[in-house]
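Let us walk through this structure together, one region at a time. Please have the sequence and the 3D view open as you read.

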Amino acid sequence: MCAGGLATFAALLVSFARVPGRRRLVFVLLRGGFDGLAAVVPYGNPSYRSVRGGMAFEREALVPLADGFALAPGLAPLATLWNDDQLVALHALAIPYRTRSHFDAQAILETGLDQPKGSSDGWLNRLLQVMDGRAEGIAVAAGLPLSLSGPHPVATWSPSRLGAVEASYVERLHYLYRHDPQLRDRFEAALQLDAESGAGSMSGGRGPRQALGSIPGATARFLKDPDGPNVAAVELGGWDTHSNQGMQDGPLDRRFGQLAEALVGFRSQLGEAWSGTTVVVMTEFGRTAQPNGTGGTDHGTAGAGFVLGPELTKGRVVTDWPGLGSKELFEGRDLRPTLDTRAVLEGVLAGVFDLTPAQLARVFPGSEAIRPIYDIVRG
């Protein structure tokens, strides 16, 4: 049923949100499990080359950041943001729940909770609920993202196009099956086989690695409208790289290049509206520290992310680096998580929209023990 029912029309959908003031937030979700060790490379770590083996980049191919970290070759366009103190790299970053399921991990990241069940609201929708004054809703996504789902109404925009399997269709199947242990396990197994085959039509990576195309321009067009929204949710699939990641100029590095060009292009297309805009880039989980036997990586735990924009306090690498030694890896296979996604998001929201601790607690319920990182964005 999965193989036959998933060949369908795809649509790229955008949902929005307006909040008081002219500061703007863009949340970019990289669906599928972004390989943080390939993106933000810890080349200064003594165990890096031995852990990554044949997938370790040569130092001269990298774009140095600071503290022994560097960007993958494909992410080189981000160097212009780094040089302008408009890029923060996040590492050893993870959701507060340990799972290797795309759907559970994405649900946690998008609801802002510490477990995959407990709320049908997304944290962006709750943000709109707690903001003072008007709050409206936009996202660039394959279906309304869970992060924007909830009682606060949002609008959508979707240029139609043909494609393989659509993210929202796969996700609805997952929610249909998730409460049945037998069907859930078989569905997850089908997704795994699909990813390993290289087809990518059903995986948590959400279909083929589509060109990012009009995504930056469409998002910028809405955000720079004087009467437009202030918050955008964007999702980009194609990061479930179980095989053939490649090296410099390889499949994953080219995908990095598309992402970097999209982010830099977004800044350019926003023009004057870039002032006051902050972009957060996250994924549901990282990938295994060691490559697998097919030149890829499997579902992992901690990974990397980014915060971009002119309102950053300074460009830097934010991490409590755990190391890559055999005794330092989580469960002997993954980068150990030391940075909670909620700590980053709460700190960013406090800086961008001047939210109080009480408001942050409503956006991220159950996170009272988490200390927000307040010095990423200027308040």
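Two strands are said to pair if DSSP finds at least two bridges between them. Strands themselves are DSSP runs of E with at least two residues, helices are runs of H or I with at least four residues, and both are numbered from the N terminus. Before we start, note that this is a predicted model, in which local features need pLDDT of at least 70 and side-chain atom pairs count only at pLDDT 80 or more, while totals for chains, interfaces and linings use all residues. Residues are numbered from 1 along each chain as its sequence is written, and side-chain values use heavy atoms, with hydrogens and water left out.

Strand β3 (residues 24-30) runs parallel to β12, and seven bridges connect the two. Within this pairing, Val28 stands opposite Val281 of β12. Strand β13 (residues 303-308) is antiparallel to β12 and joined to it by three bridges. There, Val281 has Phe306 of β13 as its bridge partner.

Contact here means heavy atoms within 4.5 Å. Leaving aside neighbours within four places in sequence, Val279 is in contact with Val26, Val28, Leu263, Phe266, Trp274, Phe306, Val307 and Leu308. Val280 counts as buried because its relative accessible area is 2%. With residues up to four places away in sequence not counted, Val280 touches Leu25, Val26, Phe27, Val28, Phe306, Val307, Leu345 and Val348. Val280 and Val344 are 64 residues apart in sequence, yet their C-alpha atoms are 9.2 Å apart in space.

Val279 also leads us to the nonpolar cores. Such a core is a set of buried Ala, Val, Leu, Ile, Met, Phe, Trp, Tyr and Cys residues joined through side-chain atoms within 4.5 Å. The largest one has 59 residues, and those with the most contacts inside it are Leu78, Phe256, Val279, Phe306 and Leu308. Helix α10 (residues 251-270) gives the most to this core, namely eight residues. Apart from it lies another core, of 44 residues, including Val307, Val318, Leu339 and Leu360.

Rings of Phe, Tyr and Trp (its six-membered ring) pair if their centres lie within 6.5 Å; planes under 30 degrees apart count as stacked, over 60 as edge-to-face and the rest as tilted. The rings of Phe34 and Phe256 have centres 5.6 Å apart and planes at 70°, so this pair is edge-to-face. Phe34 and Phe256 are both buried. Elsewhere, ring pairs join Phe27, Trp123 and Phe364 into a cluster.

In helix α5 (residues 102-111), ten of its ten residues are buried. Just after α5, Gly112 takes a positive phi of about 75°. Helix α9 (residues 215-223) holds Thr219, which counts as buried because its relative accessibility is 2%. Beyond its neighbours within four places in sequence, Thr219 is in contact with Val140, Ala232, Val234 and Phe266.

Key:
Buried < 20%, exposed > 50% of the residue type's maximum accessible area, 1.4 Å probe, protein only.
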